[in-house]
Amino acid sequence: MAPNEVFGVAFNGGFNQPIMCGGEPRQMTLQERGKADPPIYTIRIRVPQHAVSLIFSFTNGAEWDGPYTLKFRVPKPWQNKPLSFFNEGLADELNREGACDLAIYPDENIAITSCAMDGYLEEGGDRCKLDIVSGCTDPSSDMFDPLATVDDGSCPLESDSEE
């Protein structure tokens with residue numbers, strides 16, 4: 001999907017579907033990654049205590065990419081609770097003044113966060129980083145990507161042979 005010339009890419013999603021935050025797509029922040037990799041768009045998600053999932057899509061104003069689903073770990077004391085327990089608790093959390101603005105907001109700075117994407121969730125985490133970026137994580141490499149969080153093997157290997 002090509003970014004929109006005015007706002008780039010926007011995020012739209014809801015916790016425990018169909019509980020949404022405003023329903024309007026939220027503009028994402030453009031993060032430049034240097035010469036080695038193209039820029040990415042980021043957004044921060046502060047996962048509410050009663051959220052069990054987040055269903056989301058991306059848009060450039062004309063096209064949609066998604067939906068995608070993240071499922072969050074449920075704290076052990078709540079594991080046998082019915083979905084209505086989570087939905088009622090989430091509704092109470094998101095009905096507070098400004099709660100949606102605090103739950104989904106542009107990512108001005110990359111932060112170490114937690115996420116239930118293939119086991120990335122850590123107990124006690126309160127934000128979900130949706131921009132897990134693969135790239136060269138070796139700071140001494142010419143191909144180093146400062147935003148890469150997962151090494152994808154793209155760093156050139158040093159050669160032992162002389163030319």
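Trainee: Asp-37 and Arg-33 first: are they buried or exposed?

Mentor: Both Asp-37 and Arg-33 are buried, where buried means under 20% relative accessible area, exposed means over 50% and partly exposed is in between, with a 1.4 Å probe and protein chains only. Keep in mind that this is a predicted model, in which local features need pLDDT of at least 70, side-chain atom pairs count only at pLDDT 80 or more, and totals for chains, interfaces and linings use all residues. Residues are numbered from 1 along each chain as its sequence is written, and side-chain values use heavy atoms, with hydrogens and water left out.

Trainee: What do the side chains of Asp-37 and Arg-33 form?

Mentor: They meet in a salt bridge, at 3.8 Å from N to O. The rule asks for a side-chain nitrogen of Lys or Arg within 4 Å of a carboxyl oxygen of Asp or Glu.

Trainee: And how many salt bridges does that rule give?

Mentor: The count comes to one.

Trainee: OK, rings next. How many aromatic pairs are there?

Mentor: A search of the whole structure finds eight. Rings of Phe, Tyr and Trp (its six-membered ring) pair if their centres lie within 6.5 Å; planes under 30 degrees apart count as stacked, over 60 as edge-to-face and the rest as tilted. One of the pairs is Phe-11 with Phe-58, edge-to-face at 6.1 Å centre to centre and 65° between the planes.

Trainee: Which parts of the chain does that pair tie together?

Mentor: Phe-11 lies in strand S1 (residues 10-15) and Phe-58 in strand S6 (residues 53-59), so the pair links parts that are 47 residues apart in sequence. Helices (H or I, at least four residues) and strands (E, at least two) are DSSP runs, numbered from the N terminus. Phe-11 and Phe-58 are both buried.

Trainee: Which residues make up the aromatic cluster with Phe-11?

Mentor: Phe-11, Phe-56, Phe-58 and Tyr-68 form one aromatic cluster.

Trainee: What about Trp-78 and Phe-85, how are those rings arranged?

Mentor: Edge-to-face again, with 5.1 Å centre to centre and 75° between the planes. Trp-78 counts as buried because its relative accessibility is 17%, while Phe-85, at 25%, counts as partly exposed.

Trainee: What sits over the ring of Phe-85?

Mentor: The charged end of Lys-81, 5.0 Å from the ring centre. For that label, NZ of Lys or CZ of Arg must be within 6 Å of the ring centre and within 35 degrees of the ring normal.

Trainee: Let's zoom out. How many helices and strands does the protein have?

Mentor: Two helices and 11 strands. Along the sequence the pattern reads β-β-β-β-β-β-β-α-α-β-β-β-β. Of the 163 residues, 40% count as buried.

Trainee: Now the start of the chain. What does Phe-7 touch?

Mentor: Leaving aside neighbours within four places in sequence, Phe-7 is in contact with Gln-27, Thr-59, Asn-60 and Gly-61; contact means heavy atoms within 4.5 Å. Phe-7 lies in the segment before S1, and at 24% relative accessibility Phe-7 counts as partly exposed.

Trainee: Last topic, confidence. What's the average pLDDT?

Mentor: The protein averages 74, and 74% of the residues score at least 70. pLDDT is the predictor's confidence in each residue, from 0 to 100.

Trainee: Where does pLDDT stay under 50?

Mentor: Residues 109-131 are one such stretch, and the model has 58 contacts beyond four places in sequence for them. Over residues 159-163 the pLDDT is below 50 as well, and that stretch has zero contacts in the model beyond near neighbours in sequence. Where pLDDT is low, the predicted coordinates should not be read in detail.
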